[in-house]
Amino acid sequence: MGGKAFGNFGGAGRERARRRGQGQLEAQVLAALHHAPGPVTAAWVQERLGGDLAYTTVMTILSRLHAKQAVTRERSGRAYVWTPAADEAGLAALRMRRVLDGEPDRDAVLTSFVSALSTHDEQLLRTLLDRDAAEDPTAGENPTTADGPTTAGTPTPPAPHRPSDEARGG
């Protein structure tokens with residue numbers, strides 16, 4: 001991908017860089033890493049972002065991404081080389097797990113999440129849970145809900161498919 005700049009969306013260079021939020025910078029750094037030919041240095045990332053960011057800013061973003069387990073790093077001489085830890089779908093799943101892990105009532109969060117899914121997404125989730133259960137019968141166990149009834153729509157160990165399962169609240 002040569003010298004293509006990621007995140008250089010026009011505007012006045014440094015003035016534009018000051019307006020980017022941390023989340024936007026992280027997304028741009030991850031995009032650059034996903035287009036990299038392999039592990040790359042912070043200087044390589046800085047160049048691909050259009051060069052309007054300070055090297056220390058790029059290092060800060062990479063270090064934050066590393067702390068979030070979104071990127072990996074290895075020593076290469078005196079520097080690090082950086083690689084995305086997963087593809088974009090894997091990183092989205094990591095963010096979702098991190099949000100879930102930060103909530104005290106996982107059951108309520110999962111219930112709200114599942115009840116807001118489209119019929120297609122709900123069926124896809126059921127299919128994935130069924131497949132996972134077939135591969136490992138203990139994979140779907142949830143110790144926080146195993147002792148009592150669960151709320152309709154909460155992902156639980158898969159049961160035989162019933163037409164009423166597809167109706168909300170059924």
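Helix α4 comprises 13 residues (55–67) and reaches 18 Å from its first C-alpha to its last, close to the expected 18 Å at 1.5 Å a residue. The expected span of a helix is 1.5 Å times one less than its number of residues; helices (H or I, at least four residues) are DSSP runs, numbered from the N terminus. The structure is a predicted model, in which local features need pLDDT of at least 70 and side-chain atom pairs count only at pLDDT 80 or more, whereas totals for chains, interfaces and linings use all residues. Residues are numbered from 1 along each chain as its sequence is written, and side-chain values use heavy atoms, with hydrogens and water left out.

Burial was assigned by relative accessible area: buried means under 20%, exposed over 50%, and partly exposed in between (1.4 Å probe, protein chains only). The buried residues of α4 are Val58, Ile61, Leu62 and Leu65. These residues lie on the same side of α4, because they cover an arc of only 95 degrees around the axis, the arc being that of the directions from the helix axis to the C-beta atoms. Thr56 and Ala67, on the other side of α4, are exposed. Just after α4, Gln69 adopts a positive phi of about 65 degrees.

Salt bridges were identified where a side-chain nitrogen of Lys or Arg is within 4 Å of a carboxyl oxygen of Asp or Glu. By this rule, the count comes to four. Three of them are described here by residue.

Arg48 is buried, at 9% relative accessibility, whereas Glu47 is partly exposed at 49%.

The side chains of Arg106 and Asp101 likewise meet in a salt bridge, at 2.8 Å from N to O. In this pair, Arg106 has a relative accessible area of 36% and is therefore partly exposed; Asp101, at 55% relative accessibility, counts as exposed.

A further salt bridge links Arg126 with Glu122, their side chains meeting at 2.9 Å, N to O. Both residues belong to helix α7 (residues 119–135); they are separated by about one helical turn because they are four residues apart in the helix. Arg126 is partly exposed, with a relative accessible area of 26%, while Glu122 is buried, with a value of 8%.

Methods
Helices (H or I, at least four residues) and strands (E, at least two) are DSSP runs, numbered from the N terminus.
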